[in-house]
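The sequence and structure follow.

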Amino acid sequence: MSRKSSNVGAAMLQPGRQSQAAGNISVMPAAEMPMVLTLDQLSPNPDNPRTSRNPRYDDIKASIRSRGLDTVPKVTRDPDGEPDMYIFSDGGNTRYQILSELWQETGEDRFFRVHVLFKPWPGRLQCVIGHLAENEVRGELSFIEKAQGIHKARSIYEEQLGKPVSLRQLSELLTREGLPVHNSTISRMEDALKYLFPWIPELLESGLGRPQITALLALRHDAERVWDEFCLISDTGDKSFSDVFGQCCGRFNSPELWSLEMFRDELIGDLLHALPHPELDYDRWMMELDPKERNRRHHFGDPEPVSIPPVNSLVTADSAGQATPAQKSVEVAQPFSSPRREFSGEPVPPAPDHT
C-alpha cells in the first residue's frame, strides 16, 4: 500500500475530519472500507423488519454508555435514496437509536461520531435478508416481525423477477443468503400475516411465540373445515367463517387477555350461533377442535361411517332352498338369535335341570 493511500485512510478515521471527508465522496467505494460518520449522516434502514422495541434495549444502552459499541455497524448507500445519507445494511438500527438518545442526554462527541464499516450497495433484497440474519443470530425478532421481514423479501424478489415466487424458491434463496428457513415455516408465517395479524396485531407484536401461533392456526383450520362441511346446508346469513373467526380474535387482542382454551370456548359459542345445525352441538365442536383428535386423524385418518345393509338384501335363498352365504353371515353375526325359532317355528327345548 502506498504512503498516500495510507494517509487517506488514516485521515478518514480521524474524528475531527471524517464528516467532511465522507460528505465529499461523490463516487461510492467499490469495496468495504472503514469510515467515521456522524449521526446526521446516518439513517435507519426503512426495510428493517423490527417494528417493536428491542427487549434488551435498556441493557444495550447501559453497555454502550459504559464501553461504547462492542461491534462496528455495517452501513451502505442506496443509489436511489437520499444523497450523502448512509443506512444500516445488517442490523444496527437499535444501536443508532441508542446513540441518538445518549448524544441528546450527554452531548459527548463519542456518541455523535460513529466508527462504521461501509459496504457497497447490495440491493434492497440483500439488505432485508441481512437485517433478518443479524437479528436471527441474537434471537431478537418476534415470530410476526420475522414473518413480515420474510414477506417483504418475497415481495422484493418477485418484483425483481417479474413473476410469483413459490415458498420453496424463497426458502432456497434465504438459505443461500445465510438465513435457512424451511418452506413449511414460511407457509405458517404467511398464514399468520393473512389470517391473524389483521385481527390481533397487538397480541402478535407483544411477542406471541411460534408454538402458540401454530396452535391457533391449527384451530382455525379445523374450525373452517367443519364450517365448509355444514355451511351449504345451514343458514349462516351474511356471515362468513373469516368474519366469525376474526371478530372472536379481536376480543383477545391483548397479551393480558390471551388464553387458547378461553378463545376456543368463545369461538365455539360464536360458531354455534352463526352455524346452527342439529349435528353441531357444543360437544361435537369440542371434539372437532380437540388437538388430540386432530393428531389421531393425522395418523389413522377419518373414521369410516358404519352402514348396515337392509336385512332383505342379505337373507336370500337359492333355487334349491339352501341358505346363501349372505344368510349364513347374518346368522354368524347374530349369535344370540334363534335360527330354529325364526325359520322353522319349532320351539327350543329348555336346558336340562341338573339340580
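In which hand, left-handed or right-handed, does H3 pass H4? The crossing is right-handed; a crossing counts as right-handed if the near helix is turned clockwise from the far one by less than a right angle, and as left-handed if anticlockwise.

## Basis of the report

The model is predicted: local features need pLDDT of at least 70, side-chain atom pairs count only at pLDDT 80 or more, and totals for chains, interfaces and linings use all residues. Residues are numbered from 1 along each chain as its sequence is written, and side-chain values use heavy atoms, with hydrogens and water left out.

Helices (H or I, at least four residues) and strands (E, at least two) are DSSP runs, numbered from the N terminus.

## The H3 and H4 pair

Helix H3 (residues 57-67) and helix H4 (residues 93-106) have axes that come within 10 Å and cross at roughly 55°. Axes are lines fitted to C-alpha atoms, for helices over the stretch in contact, and angles run from 0 to 180 degrees between N-to-C directions. H3 and H4 are therefore oblique to each other, the class left after roughly parallel (under 35 degrees), roughly antiparallel (over 145) and roughly perpendicular (65 to 115).

Contact means heavy atoms within 4.5 Å. From H3, Tyr57, Ile60, Lys61, Ile64 and Arg65 take part, and they meet H4 residues including Ile98, Leu102 and Glu105.

## The sheet

Five strands form an open sheet with mixed pairing, in the order E1-E5-E3-E4-E2; two strands pair if DSSP finds at least two bridges between them. Its edge strands, E1 (33-38) and E2 (42-43), each pair on one side only.

E1 and E5 run antiparallel and are joined by six bridges, with Val36 opposite His115 in E5. E3 and E5 run parallel through two bridges, and Lys74 has Leu117 of E5 as its bridge partner. E3 (residues 74-76) also pairs with E4 (residues 86-88), in the antiparallel sense over two bridges; here Thr76 stands opposite Ile87.

## The nonpolar cores

A nonpolar core is a set of buried Ala, Val, Leu, Ile, Met, Phe, Trp, Tyr and Cys residues joined through side-chain atoms within 4.5 Å, where buried means under 20% relative accessible area (1.4 Å probe, protein chains only). The largest has 52 residues, of which Leu196, Phe263 and Trp285 touch the most other members. Its largest share, eight residues, comes from H10, which spans 210-230.

Trp285 touches residues including Ala223, Trp227, Ile268 and Leu280, not counting residues up to four places away in sequence. A second, separate core of 19 residues includes Leu42, Ile64, Phe111 and Phe112.

How values were computed
Buried < 20%, exposed > 50% of the residue type's maximum accessible area, 1.4 Å probe, protein only.
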